[in-house]
Amino acid sequence: VLAARGTSIYSATPGGSSWTSIDSGRTSAGKYTFERFNFDGTDKIVVVDGTNAPTVFNSSLSATDVSDSSVAGAKFVASFKNHMFYAGKSTTKQEVVFSEPFNEDGFNSGSGAGSIKVDDEITGIKVFRDNLFIFCETRIFKLAGTSSTNFAVSDVTRNIGCINGDTIQEFAGDLIFLGPDG
């Protein structure tokens with residue numbers, strides 16, 4: 001079990017009564033977002049907090065920071081089509097950065113990494129069926145495709161957006177979210 005509070009991330013054994021700090025070097029961490037993935041046969045979890053570099057924990061809970069500055073400070077993370085997608089940086093609020101295939105810490109564009117810009121501030125990202133939905137304040141986009149050679153962004157709507165990415169949920173076969181009209 002992983003939990004985050006303040007500037008630390010903790011682990012505990014399910015049913016156990018004590019927590020162990022496994023990453024305490026964070027500064028000014030905001031709200032934590034976790035994403036489980038498995039690109040190489042090893043289950044991993046990546047954590048973003050809106051301030052620090054994303055951190056990847058392997059199955060033995062060893063922590064490794066994602067080294068590329070283009071994703072440091074990401075608020076949102078999603079694993080989609082064997083790439084890791086990062087978004088929500090305070091300095092690039094309209095950009096989604098994606099890693100090389102099968103490498104959450106590789107960002108060489110010649111190896112399949114890249115970025116996509118939309119024309120609104122991103123409030124959340126969510127994988128649903130075969131698309132990555134990019135929720136913004138006043139618009140929603142979807143990313144389709146399987147790699148940097150054929151990723152394509154299209155409008156879902158330019159008339160409504162999501163005001164809080166934490167509200168994006170899959171429910172009864174649809175995506176629901178908190179819009180400005182409730």
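1. Strand β5 (residues 44-48) pairs with strand β6 (residues 55-57) in the antiparallel sense, over three bridges. Here strands are DSSP runs of E, at least two residues long, numbered from the N terminus, and two strands pair if DSSP finds at least two bridges between them. Val-47 has Thr-55 in β6 as its bridge partner.

2. A word on the source: this is a predicted model, in which local features need pLDDT of at least 70 and side-chain atom pairs count only at pLDDT 80 or more, while totals for chains, interfaces and linings use all residues. Residues are numbered from 1 along each chain as its sequence is written, and side-chain values use heavy atoms, with hydrogens and water left out.

3. Back to the sheet: four strands make an open sheet in the order β4-β5-β6-β7, with antiparallel pairing. The edges are β4 (33-37) and β7 (63-65); each has a single partner strand, so one side of each is left without a neighbour in the sheet. On average, neighbouring strands of this sheet are turned by 25° against each other, direction ignored (axes are lines fitted to C-alpha atoms, and angles run from 0 to 180 degrees between N-to-C directions).

4. Strands β13 (residues 131-136) and β14 (residues 140-144) run antiparallel and are joined by four bridges; they form a hairpin with three residues between them. Phe-133 stands opposite Lys-142 in β14. Five bridges join β14 to strand β15 (residues 152-157), again antiparallel, and Ile-140 stands opposite Thr-157 in β15.

5. Where does Phe-128 sit? Its place is in strand β12 (residues 122-128). Phe-128 counts as buried because its relative accessibility is 8% (buried means under 20% relative accessible area, with a 1.4 Å probe and protein chains only). Leaving aside neighbours within four places in sequence, Phe-128 is in contact (heavy atoms within 4.5 Å) with Phe-133, Glu-170, Gly-173, Asp-174 and Leu-175.

Definitions and conventions: Buried < 20%, exposed > 50% of the residue type's maximum accessible area, 1.4 Å probe, protein only.
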